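Here's a quick briefing to read alongside the model. Have the sequence and the 3D view open while you go through it.

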Amino acid sequence: KMAAPTNQLLVNLPITRLEINFSRLLSRCEVMASEDDRGGWRLERYAVSLEEKLKELNRSPQKPTQEQLADYTRRVEFLKGILETEQLPTACERAVANQKLASVTSWDTSQKSVTKDIHQQSQTKYNNQMRNELFTKKSDAVKQGAGPGEVRQRNVNVGGGQQTEMGLDEVLQYHQNMQEKIADDMLSLTRALKHNTLMANQVIKKDTKHLSEASKLAENNYARLKVETERLEEHTNKMCNWWIWVLILVVCMTFILMVLFIRFFPKR
């Protein structure tokens, strides 16, 4: 049996009493799902209560974030899938249904290890049940064929062998289908990755081109600004020189006029 996981509560405050109770009940259900007997009828009742509390959380004005609600929903759906799988009539059907729950355990949350452990325990359990059923059918067929009559023995043994082969064929076919599906998914992901890489490459090339154009434009503007600055400095220097000569001329004229004034109008 698995040890009880620590209750995972939201870090963001404030957190409502409804969410605290929901989180505790969800953790308790996951512990019960990891047990051999699945907690009996209590887990079904708890799962129903979980669905009701999840609906209340969605309607609550102080509901958690969308990411946290999605995580809660996936965990509740996983528990419902475990219960529905447990109610299937044959071990082969239970193993196939449990294998389909593998995609549900792939989300990235704090409870990822718990759900994976539950899924792996269930898969091991159903595989053992399926193996026991196949061996039981085979042994029953052999025992039934031990009665009087060679024809009955051969027919029953052949029937038991056919049942065994059909069960094994179903398992092999299922695994083959799963491998093909995984290969198709990997191929689709590879194509998507290639497409995204090409798109990112094109975007990077466009951005690089724009940056180059902007850099050239900046260099041209800097060169033009430098030329205009030199012209302005040259013009400023010329104006300054003209003003200096004008001032010198004014001073000289003032001096000459003063001398003439003194000569023509001497002091009495």
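**A buried aromatic pair and the helices around it**

Phe 22 is buried, at a relative accessible area of 0% (buried means under 20%, exposed over 50%, and partly exposed in between, with a 1.4 Å probe and protein chains only). This is a predicted model, so local features need pLDDT of at least 70 and side-chain atom pairs count only at pLDDT 80 or more, while totals for chains, interfaces and linings use all residues. Residues are numbered from 1 along each chain as its sequence is written, and side-chain values use heavy atoms, with hydrogens and water left out.

**Overall make-up**

- The protein chain has six helices and zero strands (helices are DSSP runs of H or I with at least four residues, strands runs of E with at least two, numbered from the N terminus).
- Of its 268 residues, 25% count as buried.
- Take the contacts in the protein chain between residues at least 6 apart in sequence: 65% of them join residues at least 24 apart (a contact means heavy atoms within 4.5 Å).

**The aromatic pair**

- There is one aromatic pair in the structure (rings of Phe, Tyr and Trp, the last by its six-membered ring, pair if their centres lie within 6.5 Å; planes under 30 degrees apart are stacked, over 60 edge-to-face, and the rest tilted).
- The ring centres of Phe 22 and Tyr 72 are 4.9 Å apart with the planes at 70°, so this pair is edge-to-face.
- Phe 22 sits in helix α1 (residues 17-33) and Tyr 72 in helix α3 (residues 66-86), so the pair ties together parts 50 residues apart in sequence.
- Tyr 72 is buried too, at 0% relative accessibility.

**How the helices pack**

- The axes of α1 and helix α2 (residues 41-59) come within 10 Å and cross at roughly 150° (axes are lines fitted to C-alpha atoms, for helices over the stretch in contact, and angles run from 0 to 180 degrees between N-to-C directions).
- That makes α1 roughly antiparallel to α2 (angles over 145 degrees count as roughly antiparallel, under 35 as roughly parallel, 65 to 115 as roughly perpendicular, and the rest as oblique).
- Residues of α1 that meet α2 include Phe 22, Leu 25 and Leu 26, and those on the α2 side include Tyr 46, Leu 50 and Leu 54.
- α2 and α3 pack at about 155°, with their axes 10 Å apart, which makes α2 roughly antiparallel to α3.
- Tyr 72 of α3 is one of the residues making the α2 contact, and Leu 50 and Leu 54 are among those on the α2 side.
- α3 and helix α4 (residues 91-100) pack at an angle of about 170°, with axes 9 Å apart, and are therefore roughly antiparallel to each other.
- Ile 82, Thr 85 and Glu 86 of α3 make that contact with Arg 94, Ala 97 and Asn 98 of α4.

**Leu 168**

- Leu 168 belongs to helix α6 (residues 150-264) and is partly exposed, with a relative accessible area of 41%.
- Leu 168 and Cys 92 are 76 residues apart in sequence and 9.5 Å apart in space, C-alpha to C-alpha.

**Where to be careful**

- Mean pLDDT for the protein chain is 76, and 75% of its residues reach 70 or more (pLDDT is the predictor's confidence in each residue, from 0 to 100).
- Residues 1-13 have pLDDT below 50, and this stretch has 26 contacts in the model beyond near neighbours in sequence.
- Over residues 146-161 the pLDDT stays under 50, and the model has nine contacts there beyond four places in sequence.
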